[in-house]
Amino acid sequence: MTDSKNMHAEEPLDEPILAEGVDEEPIESNRRLFSGRAYFVMAALSTIYAAFHMIALNGVSISDWTGIEIPLLPQFPLETWNFRIVHISGALALGFLLFSAHTFANDDAPHKDTKLISIVALVLLLPTIVAGFTASGYHTLINSGTLPEMGGLTTWAAFPGTEIYASEVWWFGTPLLMATLGAIVTGWFERRGRELFAASDVVLALCGIVIAIYLIAIYSTAARNSVGTPFVPIGVAFAATAGAAMILELTRRVAGLALVIITGVFLLYTFVAHLLPGILAVQSAYSWQRFFGHVYSDAGILGPTTAVSSTYIILFIIFAAFLQASKVGDYFVNFAFATAGRARGGPAKVAIFASGLMGMINGTSAGNVVATGSLTIPLMKRVGYHKKTAGAVEAAASTGGQIMPPIMGAGAFIMAEITGIPYTDIAIAAIIPAILYFVSVYFMVDFEAAKLGMRGMREDELPKFNKLVRQVYLFIPIIILIAALFMGYSVIRAGTLATVAAAVVSWFTPHRMGLRSILKAFELAGIMSIQIIAVCACAGIIVGVISLTGVGARFSAVLLDLAGVSQLLALFFAMCIAILLGMGMPTTAAYAVAASVVAPGLVQLGIPTLTAHFFVFYFAVLSAITPPVALASYAAAGISGANPMETSVASFKIGIAAFIVPYMFFYNSAILMDGTWIEVIRAGVTATFGVFLLSSGVQGWFLGGRSAWFLRVALIFAALFMIEGGLITDLIGIGIAAGAYFVQKVLHPRPDASIPVRGAD
């Protein structure tokens, strides 16, 4: 029986294609949908959370402006650790209230409330209140001036046998762990309506706040200097254990199990490392108190990943939310259709163009797929692409958004934080690699369309270009962002200016932003930020394990040993680790972990810091389309209706040329804008030609015709010669390509030609 939906998809369109709702965030299957008073509470909390970051990052203080002291308002600028603690705890509280531990059935399906489990969860409020009351008492005690001081800091004598130690164990730590672990477990079984708060989630939200109250108090004392040592207060270990458990559970709810499992492996390694052989071994075992006293510090959860998520990432999420309010995403997709829709295999070219534009404001592979793929994938199927190819093209194109300046997902900001290289230098260095990525995907798509004899879309099926040109002012916020960055403004100030510009630009559209729309944008930003904050905090746990155990340095030693055999082998090993770490993980976490494990080893090989980190970052991004766990491909398969594994294999093939690009900038740093203008231009041109040859070899289409298999092999060899960037190797590559062209045009070998082999007889 023929699918009527597919039949309809093959029919010509009566009206031009217009993107609508591209900016709208998809509602996850486990997100609660509140109404009435509950919705007002959640909207207010989300708005306050996002607005707090915007205010804090720009140092706005009401008391400084007006001279009026308002109680309970924080004073800015906040101390760095305190700001990050509030950042994570706020995301935990919001995340648990918004995202259920389980997915919800269809709206029409009846649900069964589990009243007994909800009552058990409510009982857990008692230990939560006890822990919270105790933590608040510590604030009062520390601020009372009765505790002795040392070096200008209040001391916190939480040693075994002291009253403070007993209080931390029995009145803070034990109740907090009981409430946290109990609420996580009851949350797995508790069932309530999608529009209602779950008791277990309320307990977890409160536990997140209690942890912040305690840590802010204790880290204001001299005890902060003891993190990472056996002398860390026992309460810090309790708080960190509860906090890590909540981070893992929230990450499971918003990003799936992959990152949680990988983090669990690293946690297990911490406590069994002294039993392992070889490079994985450590000299002595780590105690529970020492490890968890270390992990909730700036060497772990409060380290580089949270530093970035609490500043740059959330700022650009607010920027993206303001752009969404003015429907810039719809404009970008329509602009892509008007520009590229008429080319052969038009919707696939649109997917590449639109994903590049959306990547500037979106920066997540799967999010990009959902935003643009819901429109482009059905159209690709309509013009003749197989459903797995349609999904693969969208997945490969959307993944490129992660390396597209100026935002580049969150990876660029983490790279700037870890390496100390200015963000603007990283954005400039990313230009040619990003172009090479999209050019490689474009060639693969174009040659596929040529082989299948596809047409482009008709003029009457596309948005009117002349009309869209009159709305080109919607690009102004992004232009202001780029201009401000290169004028020397800080990333935070540039992002704030761009956000204000997005609100102003909206006044020239039908979606004019007033006070209500601005508050709605902040609310949306608060919700959008939860996933990335949870992922960054979870990656921080892994970073904490690496920093404490030194396993990253031992991996560096392995790379150095491999480099003694072959530097190319060491690079290949580094590539495999970066992709392996990235499988199933969002790019942000994948790069953060790989940068701690792999990049230092590459730097020790003598590779420049920027090149080493870009090499790792690139492959962390490509892990989104690398089988067997390819998040972007799986998201695209969900839209196209194709088999997820087949789609991931097809997206790997489409992006195959991109796997060569990091080796290009390793052998020729001019691709990262390191060199004279002549060297940079020559490197860009020869690298583009190399990508073209590789795409031709893989797809079997070379300069207007199908290629025999031996010509395809020759083209791949020619492309590989173009990688190094040296004059002689470039000439060899061009020579092989010219020979292949001569054979194809003069000798006309059949595409299915084979070389006859005679037997020995």
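In which helix does Phe-721 lie?

A: The model is predicted. Phe-721 lies in helix α33, which covers residues 709-721.

Phe-721 belongs to a nonpolar surface patch of about 650 Å². Trp-709, Val-713, Phe-717, Leu-720, Ile-728 and Ile-732 make up the patch together with Phe-721. Helix α33 gives the largest share of the patch, 5 residues. As a general point, an α-helix has 3.6 residues a turn, so residues three or four places apart point the same way.

A pair of aromatic rings is described by the distance of the centres and the angle of the planes. The model has 43 aromatic pairs. In one of them, the rings of Phe-291 and Phe-292 have centres 4.9 Å apart and planes at 75°, so this pair is edge-to-face; the cut-off for that class is over 60 degrees. Phe-291 has 0% relative accessibility and therefore counts as buried. Phe-292 is also buried, because its relative accessible area is 9% and the limit is under 20%.

The pair of Phe-614 and Phe-665 is edge-to-face as well, because the ring planes stand at 75°, with the centres 6.1 Å apart. Phe-614 is in helix α28 (residues 609-622) and Phe-665 in helix α31 (residues 661-667), so the pair ties together parts that are 51 residues apart in sequence. Both Phe-614 and Phe-665 are buried. The two also belong to a cluster linked by ring pairs, whose other members are Tyr-437, Phe-438, Tyr-591, Phe-617 and Tyr-618.

The charged end of Arg-224 sits over the ring of Trp-81, at 4.0 Å from the ring centre.

Helix α13 (residues 328-340) gives a further view of covered residues. Its end C-alpha atoms are 18 Å apart, which agrees with the 18 Å that 13 residues should span at 1.5 Å a residue. Of the 13 residues in α13, 12 are buried. Among them are the aromatic residues Tyr-331, Phe-332, Phe-335 and Phe-337.

Note on methods:
Residues are numbered from 1 along each chain as its sequence is written. This is a predicted model: local features need pLDDT of at least 70, side-chain atom pairs count only at pLDDT 80 or more; totals for chains, interfaces and linings use all residues. Side-chain values use heavy atoms; hydrogens and water are left out. Patches are made of residues with over 30% relative accessible area and no salt bridge: like charges are joined within 9 Å, nonpolar side chains (Val, Leu, Ile, Met, Phe, Trp, Tyr) within 5 Å. Accessible areas come from the Shrake-Rupley method with a 1.4 Å probe; for residues, only the protein chains shown count as cover. A salt bridge is a side-chain nitrogen of Lys or Arg within 4 Å of a carboxyl oxygen of Asp or Glu. Helices (H or I, at least four residues) and strands (E, at least two) are DSSP runs, numbered from the N terminus. Rings of Phe, Tyr and Trp (its six-membered ring) pair if their centres lie within 6.5 Å; planes under 30 degrees apart count as stacked, over 60 as edge-to-face and the rest as tilted. Buried means under 20% relative accessible area, exposed over 50%, partly exposed in between (1.4 Å probe, protein chains only). A charge sits over a ring if NZ of Lys or CZ of Arg is within 6 Å of the ring centre and within 35 degrees of the ring normal. The expected span of a helix is 1.5 Å times one less than its number of residues.
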